[in-house]
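Subject: Structure handover

Hello,

Here is the structure I promised to pass on. Please open it alongside this note.

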Amino acid sequence: MTNATIKLTLLLSILSLISANAAPQYHRKLKKFTRLHFYVQDILEGPNATVWEVTQAKGTANSASSFGLIRVIDNLITAKPNYNSRHLGRSQGLVAFTDLQEMAFTWNMNFHLTGGKFNGSTVCVVGRIPVAGDFEKEMPIVGGTGAFRMARGYAFLRTYSVDQTTNITVLEYTLNIYHAE
């Protein structure tokens, strides 16, 4: 493993531990509920790519599960599946392929909202996502800022569409957020 891979893996582990230990004391303050539904435009290749490979381990090329591959993401969030629909913010974070046996990754994503009453607020989702299996993936919401301070909850992710010509994958999200007033 490269030094950068070890550092990123350690950072993700520390963030998960901090979130897990802080949750019980804040639970009583979570009085509001908000459901957000939006689409994320994931561009894997080309001059406008929004997903970039950062590093990979020495054995990643020989791994059936891409173990050790790390990518950074800065995707557009839209109101509808169409790329040109109303822009709501950015989906920014890290994806690390962390399973030796199957293709699955650890997801650390911040949804940075840039419009309307949630302008400047963020929601953080951290979890494991297996590539195969269920049509819809579920991940925990572990924090937030602004309107979503002390956020907890769960997010559902599904692949809405994949366009091989444009290299754009549209992801559909539904966030169920419990947060402070």
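First, the ground rules. This is a predicted model, in which local features need pLDDT of at least 70 and side-chain atom pairs count only at pLDDT 80 or more, while totals for chains, interfaces and linings use all residues. Residues are numbered from 1 along each chain as its sequence is written, and side-chain values use heavy atoms, with hydrogens and water left out.

Salt bridges

How many salt bridges does the structure hold? There are four. The term means a side-chain nitrogen of Lys or Arg within 4 Å of a carboxyl oxygen of Asp or Glu.

Take Arg90 and Asp74. Their closest N and O atoms are 2.9 Å apart. The pair links distant parts of the chain: Arg90 is in strand β4 (residues 87-97) and Asp74 in strand β3 (residues 70-78), 16 residues apart. Strands here are DSSP runs (E, at least two residues), and helices are runs of H or I with at least four; both are numbered from the N terminus. Arg90 is partly exposed, at 27% relative accessible area. Asp74 is partly exposed too, at 32%. The classes are buried (under 20% relative accessible area), exposed (over 50%) and partly exposed in between, with a 1.4 Å probe and protein chains only.

Next, Asp99 and Arg128. Here the closest N and O atoms are 2.7 Å apart. Asp99 sits in the loop between β4 and β5 (104-113), and Arg128 in strand β6 (residues 122-130), so the bridge ties together parts 29 residues apart in sequence. Asp99 is buried at 14%. Arg128 is partly exposed at 41%. Glu102 also belongs here: Asp99, Glu102 and Arg128 are linked in a network of salt bridges.

Arg158 and Glu172 also meet in a salt bridge, 2.6 Å from N to O. Arg158 is in strand β8 (residues 152-163) and Glu172 in strand β9 (residues 168-179), so this pair joins parts 14 residues apart in sequence. Is Glu172 buried or partly exposed? Glu172 is buried, at 12% relative accessibility. Arg158 is partly exposed, at 22%.

Aromatic pairs

A pair of aromatic rings is described by the distance of the centres and the angle of the planes. Rings of Phe, Tyr and Trp (its six-membered ring) pair if their centres lie within 6.5 Å; planes under 30 degrees apart are stacked, over 60 edge-to-face, and the rest tilted. By this rule there are nine aromatic pairs.

Tyr39 and Tyr160 are one of them. Their centres are 5.4 Å apart and their planes at 75 degrees, so the pair is edge-to-face. Tyr39 is in strand β1 (residues 32-43) and Tyr160 in strand β8, so parts 121 residues apart in sequence are tied together. Tyr39 is buried at 9%. Tyr160 is partly exposed at 39%.

Phe111 and Tyr173 are also edge-to-face, at 4.9 Å centre to centre and 70 degrees between the planes. Phe111 lies in strand β5 and Tyr173 in strand β9, so the pair ties together parts 62 residues apart in sequence. Both residues are buried. With Phe38, Phe111 and Tyr173 form one aromatic cluster.

A loop residue

Thr50 is in the loop between β1 and β2 (51-55). Thr50 is buried, at 14%. Its side chain makes a 2.3 Å polar contact with that of Asn75. Such a contact is a pair of N or O atoms within 3.5 Å; within protein, one must be able to donate a hydrogen and the other to accept it, and residues adjacent in sequence count only if both atoms are side-chain atoms. Not counting residues up to four places away in sequence, Thr50 touches several residues (heavy atoms within 4.5 Å), including Asp74, Asn75 and Arg90.

Best wishes
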